[in-house]
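Hello,

Here is the structure I promised to pass on to you. My notes on it follow below.

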Amino acid sequence: MTETGSSARPTVFTVWAPRPQRVRLDVDGTLHDMARSDGGWWHAAVETHPDARYGFVLDDDPTVLPDPRSPRQPDGVHARSQLWQPAPGAWADDDWAGRSIEGRVIYELHVGTFTPDGTFDSAIEKLDYLVDLGVDFVELMPVNAFGGTHGWGYDGVLWYAVHEPYGGPDALVRLVDACHRRGLGVLIDAVFNHLGPSGNYLPRFGPYLSSGSNPWGESINIADADADEVRRYIIDCALRWMRDFHADGLRLDAVHALVDTTAIHILEELSAETDALAAELGRPLSLIAESDLNDPRLITPRDQGGLGMTAQWDDDIHHAIHSAVSGERQGYYHDFGTLEALATTLKHGYYHAGTYSSFRHRRHGRPLDTATIPATRLLAYTLTHDQVGNRATGDRPSQNLTSGQLAVKAALALGSPYTAMLFMGEEWGSSSPFQFFSSHPEPELARATAEGRKREFAEHGWDADAIPDPQDPATFLRSKLNWGEVDEGDHGRLRRVYRELIALRHHEIDFADPWLEHLRIDYDEDARWIVMHRGAHAIACNLGADSIDVPVTGEVVLAWADPTVGTESTRLEGHSFAVVKSPSTVTAPVDN
């Protein structure tokens with residue numbers, strides 16, 4: 001919106017505000033009239049300095065509101081906006097060629113709890129650790145501006161601005177640039193299905209909200225009257241993260257809540273414009289959708305009638321792995337837990353594919369065409385922020401399972417043909433919970449959030465007093481990773497196994513095969529073993545507590561515990577795995 005420099009220079013301010021009859025621009029406390037043009041847009045040219053604070057005054061209300069497309073909110077979401085552009089020379093990633101996420105390993109992290117300081121700059125100090133681990137992408141949980149100092153970020157209200165307590169936009173530039181210089185791609189979690197409750201002034205400007213609702217509040221207007229500018233608002237924001245902040249793609253939150261009845265779904269539109277931006281920038285850009293629909297059309301190319309997303313989160317894989325290893329069968333785990341369910345899910349991508357879901361009390365999903373859609377368009381994981389943070393007490397699997405069970409889960413996810421994802425600290429079995437936390441400054445909203453959380457879980461049988469208070473700063477502090485335990489005992493042993501599993505994905509051609517039709521799975525329900533065959537490699541897992549003989553043999557490439565290889569079988573200790581390579585087949589390494 002303005003050039004950098006020390007002297008004042010003219011800037012053209014624009015805002016879409018079809019609802020008010022009068023809009024004035026406030027720049028550093030001085031009001032300027034704005035002219036209205038077609039379509040509800042207002043504009044004014046004013047001389048400013050690069051760090052000017054500005055906002056808009058609607059009709060006769062003297063309150064100065066932040067810019068819906070604010071590039072920076074240095075004083076929080078209720079205050080004036082600030083002009084921003086990266087400083088000259090801020091970027092040093094000109095030689096970054098980018099890469100697609102397909103088949104790669106993604107590391108999801110929450111900036112505020114990833115390090116003790118909880119900032120972008122402190123995250124940079126851990127990037128060499130991630131490079132050593134072998135991951136390919138860093139996925140940042142939402143970094144858009146939201147109310148309060150700390151929270152998960154999914155209650156953002158100024159989608160274009162960067163959360164200031166993390167370091168603001170300049171620090172995000174430094175983090176992305178540092179990732180690229182180390183060969184790490186960057187994904188940003190973007191939330192376009194709802195707005196947060198603190199600082200949402202958008203309805204004052206125009207019809208940003210629809211008549212519908214979803215579990216998080218009022219839905220966004222993407223198909224009702226005057227939706228065109230709202231759709232443009234969403235797409236421009238998505239493109240901004242990839243163009244202005246050099247992100248290599250986005251994770252799109254809960255796209256099933258984007259109810260679009262138009263002929264061209266907004267995700268299809270975003271996919272097309274993302275591809276156009278990728279062509280302009282000369283590097284791949286990826287869109288990963290979180291969806292509860294099990295609908296393969298989401299990841300089907302546009303020219304084949306799909307929406308063209310690069311990939312999607314696959315909760316069925318998580319549920320199948322977690323319930324089979326842990327034995328949990330409550331809630332949405334009810335249909336899972338058996339090795340048959342695990343094998344079906346790993347082999348076909350979705351477990352519910354037009355089949356009855358007892359959790360939903362109806363049929364759910366649609367079969368995936370495994371002959372045309374590669375497994376790399378689905379993400380496999382044993383942990384996400386949702387799957388731990390949405391538990392009543394935010395407990396991780398590492399707080400309930402043995403290290404061997406955690407290693408088995410890792411082998412099943414990382415040994416599979418799917419694109420893989422880890423959640424921060426998973427790789428060493430972090431002892432820190434990841435609890436739901438917030439810091440709403442409004443007392444009534446803070447109280448409602450805490451009481452609502454307790455009431456929700458009390459209805460499902462939990463002791464309300466055991467539910468952490470989201471507004472208590474201790475809940476946030478408890479959720480920070482303890483980096484001091486990374487190399488201790490089984491923590492360090494587990495991390496080394498994760499690193500070696502990731503290395504196998506990178507360097508063995510068998511693990512680069514994306515086609516589920518080439519995947520063979522054997523299992524024994526009673527003996528509690530399962531084997532994934534990846535070419536000459538077999539990932540054999542013992543989910544039981546007792547030692548068993550599994551019908552695979554060959555060279556042990558990697559293992560948890562000490563397997564005993566025989567002529568016809570390999571003996572696995574309880575809660576362990578082994579990657580065994582057939583002695584009769586030699587495969588060439590692949591370096592991707």
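Which residue takes a positive phi in the hairpin of β2 and β3? Asp-28 does, with a phi near 50°, and the hairpin has 2 residues between its strands.

Before the rest, a word on the source: this is a predicted model, in which local features need pLDDT of at least 70 and side-chain atom pairs count only at pLDDT 80 or more, while totals for chains, interfaces and linings use all residues. Residues are numbered from 1 along each chain as its sequence is written, and side-chain values use heavy atoms, leaving out hydrogens and water.

**The sheet**

Strands here are DSSP runs of E with at least two residues, and helices are runs of H or I with at least four, numbered from the N terminus; two strands pair if DSSP finds at least two bridges between them.

Strand β2 (residues 23-27) is joined to β3 by 4 bridges, and Val-27 has Thr-30 as its bridge partner in β3. Towards β6 (residues 53-58), β2 has 5 bridges, again antiparallel, with Asp-26 opposite Gly-55.

β2 is also well covered: 5 of its 5 residues are buried (under 20% relative accessible area with a 1.4 Å probe, protein chains only; exposed is over 50%, partly exposed in between). Val-23, Leu-25 and Val-27 lie on one face, and Arg-24 and Asp-26 on the other.

**A buried arginine**

Arg-240 sits in helix α6 (residues 227-243) and is buried, at 8% relative accessible area. Leaving aside neighbours within four places in sequence, Arg-240 is in contact (heavy atoms within 4.5 Å) with Pro-71, Trp-84, Tyr-160 and Phe-245.

**A helix pair**

Helices α8 (residues 315-326) and α11 (residues 403-414) pack at about 150°, with axes 10 Å apart. They are therefore roughly antiparallel (over 145 degrees; under 35 is roughly parallel, 65 to 115 roughly perpendicular, the rest oblique). Ile-321, His-322 and Val-325 of α8 make the contact with Gln-405, Val-408, Lys-409, Leu-412 and Ala-413 of α11.

Have a look when you get a moment, and let me know what you think.

Best wishes

Definitions and conventions: Axes fitted to C-alpha atoms, helices over the stretch in contact; angles between N-to-C directions.
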